[in-house]
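I wanted to look up its fold, its surface and its ring contacts.

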Amino acid sequence: MDTQHNNHGTELDNQGDIELNKPSKSRFLFLLSFFGFFIFAWSGCYNLYEHKYQKNDNITVPGNTLYEPTYK
C-alpha cells in the first residue's frame, strides 16, 4: 500500500491579510504605534489637567514660621 498523498492544491491569497503585503503591514504597525503613543500622551495630559493644584487663599500660617517670626 502506498500511503503518500500528493496534495498539490492551489492556495488563494487573501488580499486583506497584512502578512502577505509588507508595505501595508509596516504602514499599519506605524499608524498603530503612532496613535497608541498619541492617545497615551493625550490621556496623561488630560489626567494632569483634571488633578491640577487648586489655589486656596484661606490658609492660616503660624507666626513662628514666617520669614520674620513673631514669638509670644
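My entries follow, starting with the overall picture.

**Overview.** I noted that this is a predicted model. I counted one helix and zero strands in the protein chain. I then checked burial: of the 72 residues, 0% count as buried. The chain exposes about 7900 Å², and carbon and sulfur atoms supply 59% of that area.

**Surface patch.** I looked for nonpolar side chains on the surface. I found a patch made of Phe-30, Leu-31, Phe-34, Phe-35, Phe-38, Ile-39, Trp-42, Tyr-46 and Tyr-49. Together they have about 1000 Å² of accessible area. I placed Phe-38 in helix H1, which covers residues 22-50. Phe-38 is partly exposed, at a relative accessible area of 45%.

**Ring pairs.** I searched the whole structure and got three aromatic pairs. In one of them, the ring centres of Phe-34 and Phe-35 are 5.3 Å apart, with the planes at 75°. Edge-to-face needs planes over 60 degrees apart, so I logged Phe-34 and Phe-35 as edge-to-face. Phe-34 is partly exposed at 43%, and Phe-35 is partly exposed at 46%.

I turned to Trp-42 and Tyr-46 next, and their pair is stacked. I read 5.7 Å centre to centre and 15° between the planes. These two residues sit four apart in helix H1, so about one helical turn separates them. How exposed is Trp-42? Its relative accessibility is 52%, so I marked Trp-42 as exposed. Tyr-46, at 44%, counts as partly exposed.

**Cluster.** Last, I traced the ring pairs that link Phe-30, Phe-34 and Phe-35 into a cluster.

Notes:
Residues numbered from 1 in each chain as written. Predicted model: local features only at pLDDT ≥ 70, side-chain atom pairs only at ≥ 80, totals over all residues. Heavy atoms only, no water. Patch = residues over 30% accessible without salt bridge, like charges linked within 9 Å, V, L, I, M, F, W, Y side chains within 5 Å. Areas by Shrake-Rupley, 256 points an atom, 1.4 Å probe, with all protein chains shown as cover. Salt bridge = Lys/Arg side-chain N within 4 Å of Asp/Glu carboxyl O. Buried < 20%, exposed > 50% of the residue type's maximum accessible area, 1.4 Å probe, protein only. Phe/Tyr/Trp six-rings, centres within 6.5 Å; stacked < 30°, edge-to-face > 60°.
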